[in-house]
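Dear colleague,

Please find the structure below, handed over for your own work.

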Amino acid sequence: MPKNKTHSGAGKRFRVTGSGKILREKAGKRHNLEKKASKVTRRMTGTVEVAKADVPRAKKMLGL
């Protein structure tokens, strides 16, 4: 069975935990921060789990 190559963009965006969950960064904290409320920018920090519907596609792109 040949190895699967990791999609280079997905490799930069996702990471896998020890238990096998796939994490991603939250979107929207890169630009136009002056207009956004500090409450919103705080909410955008940190990592969250990938949605259940997107997990199979993310795993395929990561070569898992």
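**Findings**

Of the 64 residues in the protein, 16% are buried (under 20% relative accessible area, with exposed over 50% and partly exposed in between, using a 1.4 Å probe and protein chains only). The model is a predicted one, in which local features need pLDDT of at least 70 and side-chain atom pairs count only at pLDDT 80 or more, while totals for chains, interfaces and linings use all residues. Residues are numbered from 1 along each chain as its sequence is written, and side-chain values use heavy atoms, with hydrogens and water left out.

The average pLDDT (the predictor's confidence in each residue, from 0 to 100) is 94, and 100% of the residues score at least 70.

Along the sequence their pattern is α-β-β-α-β-α. The protein is more spread out than a compact globule, because its radius of gyration is 15 Å, well over the 11 Å that the globule rule gives for 64 residues (taken over C-alpha atoms, the rule being 2.2 Å times the number of residues to the power 0.38). Along the principal axes, the C-alpha atoms fill a box of roughly 50 × 20 × 20 Å.

The three strands make an open sheet in the order 1-2-3, with antiparallel pairing (two strands pair if DSSP finds at least two bridges between them). Strand 1 (14-16) and strand 3 (47-49) are at the edges with a single partner strand each, so one side of each has no neighbour in the sheet. Strand 1 is joined to strand 2 (residues 22-25) by three bridges, and V16 has I22 of strand 2 as its bridge partner.

I22 also belongs to the largest nonpolar core, whose six residues are A10, F14, I22, V50, A58 and L62 (a set of buried Ala, Val, Leu, Ile, Met, Phe, Trp, Tyr and Cys residues joined through side-chain atoms within 4.5 Å). Leaving aside residues up to four places away in sequence, L62 touches T6, A10, G11, F14, V16 and I22 (contact means heavy atoms within 4.5 Å).

Finally, N32 lies in the loop between strand 2 and helix 2 (38-43). Although N32 is not a glycine, its phi is positive, at about 55 degrees.

Note on methods: Helices (H or I, at least four residues) and strands (E, at least two) are DSSP runs, numbered from the N terminus.
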